[in-house]
Amino acid sequence: MSLRIGTPVPAFSARSDDGQQLSLGGLRGQWVALYFYPRASTPGCSIEAQRFEQALPEFRRMNAQVIGVSTDTEARQARFREKCDLSFPMIPDGDKAIGRAYGVMGGVSGLLNLAQRQTFLIDPAGNLAWHWKVSNPATHAGQVLEKLAELSKSGPLQSV
């Protein structure tokens, strides 16, 4: 499935690793940076999560919620949260329903059936504003912030 800029993204309701119920519909009215990553606590995923955490005050200033999603278990996500000192929601997608809805399942050429590293910037109305199909874990949070600042002034563009 390929999502298109300007169209509604798939709705979901899930429990985060810390037991909080989270629904995309409940976040209407604010931007959402929904990022998928392959495996909690691996080097690249840890760097990416820590960069998002460091940038969290700026995301909040721009009325944006960061949410991380992987196919890891709730327990593995919780250990990841603790290890990286994360405060934003982490969703364990063990049944891969969210990953399939967003078309990110496959990882590593489809061999491992993990979520691919992709990010969806969702506008306050619940539409896809931008989509990163490839990203560098070390610089990605900054790129998302830049695009958020640009789009919150000018409107949606295209995916990269």
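## Cysteines, cores and strands

Mentor: At 1% relative accessibility, Cys45 counts as buried. Keep in mind throughout that this is a predicted model.

Trainee: How far is the sulfur of Cys45 from the closest cysteine sulfur, and in which residue is that sulfur?
Mentor: A disulfide needs two cysteine sulfur atoms within 2.5 Å. For Cys45 the closest cysteine sulfur is too far for a bond. The distance is 9.4 Å, and the residue is Cys84.

Trainee: Is Cys84 buried or exposed?
Mentor: The cut-off for buried is under 20% relative accessible area. Cys84 has a relative accessible area of 7%, so Cys84 is buried.

Trainee: How many disulfides does a search of the whole structure find?
Mentor: The sulfur of Cys84 has its closest cysteine sulfur in Cys45, at 9.4 Å, too far for a bond. For the whole structure, the number of disulfides found is zero.

Trainee: Which residues of H2 are buried, and on how many degrees of arc do they lie?
Mentor: The buried residues of H2 are Gln77, Phe80, Arg81 and Cys84. They are on the same side of H2, because the arc they cover around the axis is only 100 degrees.

Trainee: Which residues are exposed on the other side of H2, and what do the buried ones pack against?
Mentor: Arg79, Glu82 and Lys83 are exposed on the other side of H2. The buried residues of H2 pack against H1, strand E4 (64–70) and E5.

Trainee: Where is Ser41, and what is its phi?
Mentor: Ser41 has its place in the loop between strand E3 (31–36) and helix H1 (43–61). Ser41 counts as partly exposed, because its relative accessibility is 27%. Its phi is also positive in a residue other than glycine, near 75 degrees.

Trainee: Which element supplies the largest share of the largest nonpolar core?
Mentor: The largest nonpolar core has 28 residues, and those with the most contacts inside it include Tyr35, Phe52, Phe80 and Leu121. At least two residues of this core come from each of E3, H1, E4, H2, E7 and H4. The largest share, six residues, comes from H1.

Trainee: Which residues does Phe52 touch, not counting residues up to four places away in sequence?
Mentor: Phe52 is among the residues with the most contacts inside the largest core. With the residues up to four places away in sequence left out, Phe52 touches Tyr35, Phe59, Val66, Phe88, His140, Ala141 and Val144.

Trainee: How many residues does the second, separate core have?
Mentor: Leu3, Phe12, Phe120 and Leu128 are included in it. The second core has 21 residues.

Trainee: Why is E4 largely enclosed by the rest of the structure?
Mentor: E4 has seven residues. E4 is largely enclosed because the number of its residues that are buried is six.

Trainee: Which residue in E4 stands opposite Phe36, and which in E5 stands opposite Gly68?
Mentor: E3 and E4 run parallel and are joined by six bridges. E4 and E5 also pair in the parallel sense, over three bridges. Phe36 stands opposite Val69, and Gly68 stands opposite Met90.

Trainee: Which hand does the β-α-β crossover from E4 through H2 to E5 have?
Mentor: E3, H1 and E4 make a β-α-β unit that is right-handed. The β-α-β crossover from E4 through H2 to E5 is right-handed.

Trainee: How far apart in space are Ala115 and Arg100, C-alpha to C-alpha?
Mentor: Ala115 is in the loop between helix H3 (97–101) and strand E6 (118–122), and counts as buried at 2% relative accessibility. In sequence, Ala115 and Arg100 are 15 residues apart. In space, C-alpha to C-alpha, they are 8.7 Å apart.

Trainee: Which residues is Ser135 in contact with, leaving aside its neighbours within four places in sequence?
Mentor: Ser135 is in the loop between strand E7 (128–132) and helix H4 (140–154). Its relative accessibility is 16%, so Ser135 counts as buried. Apart from neighbours within four places in sequence, its contacts are Glu48, Arg117 and His140.

Methods:
Residues are numbered from 1 along each chain as its sequence is written. This is a predicted model: local features need pLDDT of at least 70, side-chain atom pairs count only at pLDDT 80 or more; totals for chains, interfaces and linings use all residues. Side-chain values use heavy atoms; hydrogens and water are left out. Helices (H or I, at least four residues) and strands (E, at least two) are DSSP runs, numbered from the N terminus. Buried means under 20% relative accessible area, exposed over 50%, partly exposed in between (1.4 Å probe, protein chains only). Contact means heavy atoms within 4.5 Å. The arc is that of the directions from the helix axis to the C-beta atoms. A nonpolar core is a set of buried Ala, Val, Leu, Ile, Met, Phe, Trp, Tyr and Cys residues joined through side-chain atoms within 4.5 Å. Two strands pair if DSSP finds at least two bridges between them. A crossover is right-handed if, with the strands pointing away from the viewer, the path from the first strand over the helix to the second runs clockwise.
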